[in-house]
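Please look over the model shown here and read the short briefing that follows it.

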Amino acid sequence: MELLFNQERITFHPSMALIRAMNILGGSSDRFLAAAQLGLGDFFLDATLGLASDSLIAALAVGDHGRVLGLEKSPILAVVMQDGLKHFGEHSFNVKTEPKKQAWLSLVQAARRIEVQWADHGEFLSHCPSESFDVIYFDPMFRKTFHESASIQPLHQWSEHSPLDLQTVREACRVARKRVVLKERKDSAEFKRLGFDVLPGGRYSSVDYGVILV
């Protein structure tokens with residue numbers, strides 16, 4: 001599905017998830033997976049779905065018996081991602097090489113394990129029973145976007161820009177069985193404000209991951 005709003009196109013595409021899947025299947029590490037520590041059969045909550053790249057990688061990691069639920073507050077993005085994931089296997093996305101083909105087929109299977117729900121994560125978590133998910137993940141929309149991130153510029157108009165609320169993090173700690181993970185700008189004050197321990201690594205990356213073990 002592709003939607004056009006004010007000359008800005010919003011469409012589903014696996015983006016870097018396809019390259020990341022190739023690297024993972026080839027034995028390389030992935031910083032998101034290192035932070036989330038997902039196991040086979042885990043139930044993962046992506047509280048800020050966005051373009052679903054991390055949810056695809058999470059669904060790849062939890063395997064056939066795992067589940068991924070992605071929450072998206074924007075109704076427009078929720079509809080586009082839901083439709084895109086549902087019809088993922090109908091597109092090849094210029095898959096030509098054998099490693100890319102294998103990664104693409106793996107993501108096709110992974111996409112089937114992702115459920116998309118239009119919801120505000122704070123409200124959703126407040127109604128969840130304790131220990132409902134193994135891992136809960138937040139990747140809030142950055143208030144500022146690097147110029148080279150032009151591919152996600154259309155996302156800004158339709159996504160949620162509010163900073164993550166401390167009460168929401170507390171609820172996430174109640175609802176998670178294993179850990180809560182936050183992705184933010186490198187050296188962001190949000191990690192300290194919200195009580196996350198920043199994981200080492202990613203020296204040349206513009207982002208860091210923080211974790212709260214529960």
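In strand 3 (residues 43-46), Phe43 and Leu45 point one way while Phe44 and Asp46 point the other way, and all are buried, where buried means under 20% relative accessible area with a 1.4 Å probe and protein chains only. Helices (H or I, at least four residues) and strands (E, at least two) are DSSP runs numbered from the N terminus. This is a predicted model, in which local features need pLDDT of at least 70 and side-chain atom pairs count only at pLDDT 80 or more, whereas totals for chains, interfaces and linings use all residues. Residues are numbered from 1 along each chain as its sequence is written, and side-chain values use heavy atoms, leaving out hydrogens and water.

**Neighbours of strand 3**

- Strand 3 runs parallel to strand 4 (residues 67-72) and is joined to it by four bridges, pairing being assigned if DSSP finds at least two bridges between two strands.
- Within strand 4, Arg67 is the bridge partner of Phe43.
- Between strand 3 and strand 4 the chain passes through helix 3, and this β-α-β crossover is right-handed, which means that, with the strands pointing away from the viewer, the path from the first strand over the helix to the second runs clockwise.
- Strand 3 also pairs with strand 6 (residues 133-138) in the parallel sense over three bridges, and Asp46 stands opposite Tyr137 of strand 6.

**Helix 5**

- The buried residues of helix 5 (residues 98-111) are Ala103, Trp104, Leu107, Val108, Ala110 and Ala111.
- Seen down the axis of helix 5, these buried residues fall within an arc of 160 degrees, so they line one face of the helix, the arc being that of the directions from the helix axis to the C-beta atoms.

Methods. Expected span 1.5 Å × (residues − 1). Buried < 20%, exposed > 50% of the residue type's maximum accessible area, 1.4 Å probe, protein only.
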